[in-house]
Every structure is written in C-alpha cells, then in structure tokens.
Amino acid sequence: MEVNFYGKILEFTNGEKSHELNDCSNIQELIEKLASFYGEKFKQFLIGENTCFFLVNGKGIMMTGGLETKLTSGDKVEVLPFADAG
C-alpha cells in the first residue's frame, strides 16, 4: 500500500513524501511499521492528541473504525497534520 505524508510530518520523514508498505492489517499496525522506519518521535507525532488524521482511499478513519480500520495491499493512506499542529 502507498502511504503519503503532508505538511509538518515531512520533518519526521526526512522530507520523504511517500512510503510503500505491505502486510499491514490495520492503521495501528501501519503506524507501528512506519515508526520502526522513521522513529519514536514520528510515532508520537502521528498519535498525539489533535495532531494528525488519516484517510484510507479518501475516507477518514473515524468513519471506518479508527485505528482498527482494516487495510489491504492496494489501499492508499494519506497522513495529514491538523492545521494547528506543532
């Protein structure tokens, strides 16, 4: 699956705008796998209160199960910071 990053998140990805991942069953697992690549500060930014929101194939995860939102190999995940983050 393709994961795209925007805004302030790029500070934690060394400017990388996207990352390809396989075998993530849900958003929580995706966060853990990304954190193993980008580090603990990246993870804390993603899951911090009022910091980021996630879209899976254009739909906000709060409408599809939150961190338990199911993922498949062809999904497109977008990770966006809230406007007032950081």
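## Glu-29 and its partner

Let's start with Glu-29, which counts as partly exposed because its relative accessibility is 26%. Keep in mind that everything here comes from a predicted model. Glu-29 pairs up with Lys-33 in a salt bridge, and their closest N and O atoms are 3.6 Å apart. Lys-33 is partly exposed too, with a relative accessible area of 28%.

Where do Glu-29 and Lys-33 lie? Both are in helix α1, four residues apart, which is about one turn of the helix. As a bit of background, side chains of opposite charge can pair when their charged atoms come close.

## The other salt bridges

How many salt bridges does the structure hold? There are three. One of them joins Glu-32 to Lys-43, with 2.9 Å between the closest N and O atoms. This pair ties together distant parts of the chain: Glu-32 belongs to helix α1 and Lys-43 to helix α2, and they are eleven residues apart.

Is Lys-43 buried or exposed? Its relative accessibility is 15%, so Lys-43 counts as buried. The cut-off for buried is under 20%.

Glu-11 is exposed, with a relative accessible area of 55%, while Lys-8 comes in at 25% and is partly exposed.

## Rings around Phe-5

Now for the aromatic side chains. The structure holds six aromatic pairs. Phe-5 counts as buried because its relative accessibility is 2%. Tyr-38 is buried as well, with a relative accessible area of 13%.

Phe-5 also forms an edge-to-face pair with Phe-42, at 5.8 Å centre to centre and 90° between the planes. Again the pair links distant parts of the chain: Phe-5 in strand β1 and Phe-42 in helix α2 (residues 40–47), 37 residues apart. Both of these Phe residues are buried.

Which residues do the ring pairs link into a cluster? The members are Phe-5, Phe-37, Tyr-38 and Phe-42.

In soluble globular proteins, nonpolar side chains tend to be buried together. Here, the largest nonpolar core has 21 residues, and Val-3, Leu-30, Val-77 and Val-79 touch the most other members. The elements giving two or more residues to this core are β1, α1, α2, β3 (52–56) and β5 (76–81). Which element gives the most? That would be α1, with five residues.

Leaving out residues up to four places away in sequence, Val-79 touches Val-3, Asn-4, Phe-5, Tyr-6, Ile-9, Leu-46, Cys-52, Phe-53 and Phe-54. You've met two of these names already: Val-3 is listed with Val-79 among the residues that touch the most other core members, and Phe-5 is part of the ring cluster.

Definitions and conventions. Residues numbered from 1 in each chain as written. Predicted model: local features only at pLDDT ≥ 70, side-chain atom pairs only at ≥ 80, totals over all residues. Heavy atoms only, no water. Phe/Tyr/Trp six-rings, centres within 6.5 Å; stacked < 30°, edge-to-face > 60°. Buried < 20%, exposed > 50% of the residue type's maximum accessible area, 1.4 Å probe, protein only. Salt bridge = Lys/Arg side-chain N within 4 Å of Asp/Glu carboxyl O. Core = buried A, V, L, I, M, F, W, Y, C linked by side-chain atoms within 4.5 Å. Contact = heavy atoms within 4.5 Å.
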